[in-house]
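Me: Please take a close look at one part of this structure and go through it in a single connected account. Start with the strand pairing, then move on to the helix and the loops beside it.

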Amino acid sequence: MHEFSMMEKILRVILLEAKRHSAKNVVEIDLEVGELTFLNPDQLRFAFEALSEGTVAERAKLNIEKVGVRIKCPRCGYEGPISYEGPEDHLGYLPRFLECSVCGSREPDVISGRECMIRSLKVRASSRQDAKKMPEAI
Ligand SMILES: [Zn+2]
């Protein structure tokens, strides 16, 4: 399952970061998930709950923010959002399916929509509240 393997990676980073800050537990996690990752937020939550059980991240609040697709077209110069209906692509063939909404070029550069990153992480230290911004790509 796509979501499970992705959440394994995410959780690994979270736990590492929590350890680095001697956190007692993780309180809140903000995730940014690009539309082109085809990660289902409900599945991600489910995977998180299952995988975080017994760790310091157990019962942390998981916020998932969807990031839309933005492209830059090398042919006509259009830069901005496009809507993408599918198909799902987990193998990196996407440019083949993406199309510039202005000139129809099939080779737009994807600026955003592919990311899956932890935008911030709130952890509770043993004795004090500790919040930290941690932009980190996975
Ligand atoms: Zn174009």
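Reply: Strand β3, residues 70-72, is joined to β4 by 3 bridges, and the two run antiparallel. Within this pairing, Lys-72 has Glu-79 of β4 as its bridge partner. Strands here are DSSP runs of E with at least two residues, helices are runs of H or I with at least four, and both are numbered from the N terminus. Two strands count as paired if DSSP finds at least two bridges between them.

The model is predicted, with local features requiring pLDDT of at least 70 and side-chain atom pairs pLDDT 80 or more, while totals for chains, interfaces and linings use all residues. Residue numbers start from 1 along each chain as its sequence is written.

β3 and β4 belong to an open, antiparallel sheet of 3 strands in the order β4-β3-β5. Its edge strands, each pairing on one side only, are β4 (79-81) and β5 (109-112). Neighbouring strands of this sheet are turned against each other by 30° on average, direction ignored; axes are lines fitted to C-alpha atoms, for helices over the stretch in contact, and angles between N-to-C directions run from 0 to 180 degrees.

Leu-44, Ala-47, Phe-48 and Ser-52 are the buried residues of α2. They lie on the same side of α2 because they cover an arc of only 110° around the axis, the arc being that of the directions from the helix axis to the C-beta atoms. Asp-42 and Ala-50, on the other side of α2, are exposed. Buried means 20 or more other C-beta atoms within 10 Å of the residue's own, exposed means 12 or fewer, and partly exposed is in between, with C-beta atoms placed from the backbone. The buried residues of α2 pack against α1 (2-20) and β2 (61-67), where contact means C-beta atoms, placed from the backbone, within 7 Å.

Gly-54, which follows α2, has a positive phi near 85°. Most residues other than glycine have a negative phi. Phe-38 is not a glycine, yet its phi is positive, about 55°. Phe-38 sits in the loop between β1 (23-34) and α2, and counts as partly exposed because it has 14 C-beta neighbours inside 10 Å. Arg-59, also not a glycine, has a positive phi of about 65°. Arg-59 is in the loop between α2 and β2; with 12 other C-beta atoms within 10 Å, Arg-59 is exposed.

Technical notes. Contact = placed C-beta atoms within 7 Å.
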